[in-house]
Amino acid sequence: MSQDHPTMRAVRFDAFGEPPYVTEVEVPRPRPDGVVVRVEATGVCRSDWHAWQGHDDDITDLPHVPGHEFAGVVHEVGADVRSVAVGDRVVVPFVCGCGTCEVCRAGASQVCPSQWQPGFSGPGSFAELVAVPWADHNVVHLPDEIGADVAASLGCRFATAYRGVVDVARVTEGEHVAVLGCGGVGLAAVMVARSRRAHVVAVDVSPDALELARAVGAEETVQVDVATDPGMERAVARVRDLVPGGVDVAVDALGSVATARAATSVLRVRGRHLQLGLMPPVVVADRASVPMHLVVARELQVLGSHGMAAADYPRMLADVVAGRLEPETFLGRTITLEEAPAALAAMSGRTTPGVTIVRP
């Protein structure tokens, strides 16, 4: 390793859709306002698969290193950083806000117009080291009670579900919540809603996913048969049978034309539709159409939620430390960096429930 140009191991792809591979890349240096984090654990998320396939316009420079859910130890700090020091255990949200714009000052860094996302706006965490900008605004100190694997699993799916359920949909005790799609973000939504003492109905095509949904708090489950019920009309009817009058909150945690429409259809009068699942235009040729006649007739609210700002992390972390939330339930297998390319490629199909963690 050259002293002038030290290198590290990372997963990289040279063109969208071409096989990713492990190689040596140059070690990142921190910006004056940033830090470099030594990655202890990083999650494999379907969003990383979308990045690899070229479904995200934020990726403009190839070759590219993916990865956006991670936790680790601060390796190097920029000259202007004040709140973070070398050796600190940290976690970073998948959306880093600039910290100075009107949106960030209002506490909504997750939708900062100048946001920077690891693994999308720049090199990500499928590497030994990753650089993060605006560290004083985005780097979150990790409690000793939370390990790196659990912290990495919070970074995208869990944090997105937490803010969506708690802060956007404002789920309260005794309400009925339907979660459509029990992948990573959907299962997290089930757990978070149950922690708020809501009654949860989980909807999915997979019996394994529904079994895990029950284990983390769903009181009822509805399995969708896509062969006989592609539009989910029967699933909608079943949910409305289970909760006469409709649910208070419906979460589309998958992101498809069918689930978005079904989520709105299972709502009671004046219910809240929470959209967490993403629908890249390249994947869904026809954008999901919200049935506006129902929105008007039932005075429904349609709510979007995108990640969670670093400033909101302490509340979620406190719930984890206190045992109100148990994200370790969702941890699946642990793999090496060399195994990450195959794990990324496997995200193209239906995956086994549980978060795959890469330890570089």
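I began with a definition: a polar contact is a pair of N or O atoms within 3.5 Å, where within protein one atom must be able to donate a hydrogen and the other to accept it, and residues adjacent in sequence count only if both atoms are side-chain atoms. My model is predicted, so I note that local features need pLDDT of at least 70, that side-chain atom pairs count only at pLDDT 80 or more, and that totals for chains, interfaces and linings use all residues. Residues are numbered from 1 along each chain as its sequence is written, and side-chain values use heavy atoms, with hydrogens and water left out.

**Entry: Ser256 and helix α8**

I looked up the side chain of Ser256 and found that a polar contact of 2.8 Å joins it to the side chain of Thr259. Ser256 lies in the loop between β11 (247–252) and α8 (257–265); helices (H or I, at least four residues) and strands (E, at least two) are DSSP runs, numbered from the N terminus. Is Ser256 buried or exposed? I noted Ser256 as buried because its relative accessible area is 18%, and buried means under 20%, exposed over 50%, and partly exposed in between (1.4 Å probe, protein chains only).

In α8 I found Thr259, Ala260, Ala262, Ala263, Thr264 and Ser265 buried as well. I then asked what covers the buried residues of α8, taking contact to mean heavy atoms within 4.5 Å. The cover includes β8 (176–180), α7 (233–242), β11, β12 (267–275) and α9 (292–297).

**Entry: aromatic rings**

Rings of Phe, Tyr and Trp (its six-membered ring) pair if their centres lie within 6.5 Å, and planes under 30 degrees apart count as stacked, over 60 as edge-to-face and the rest as tilted. By this rule I count 2 aromatic pairs. One of them is Phe13 with Phe16, a tilted pair at 6.1 Å centre to centre with 45° between the planes. Phe13 is buried at a relative accessible area of 0%, whereas Phe16 is partly exposed at 34%.

I also looked up Phe158 and Phe330, a tilted pair at 6.4 Å centre to centre with 50° between the planes. This pair links distant parts of the chain, 172 residues apart, with Phe158 in helix α4 (residues 148–168) and Phe330 in the loop between α10 (313–321) and β14 (331–336). Both Phe158 and Phe330 are buried.

**Entry: Gly184**

I placed Gly184 in helix α5 (residues 184–195), and noted Gly184 as partly exposed, with a relative accessible area of 35%. Gly184 and Gly277 are 93 residues apart in sequence and 10 Å apart in space, C-alpha to C-alpha.
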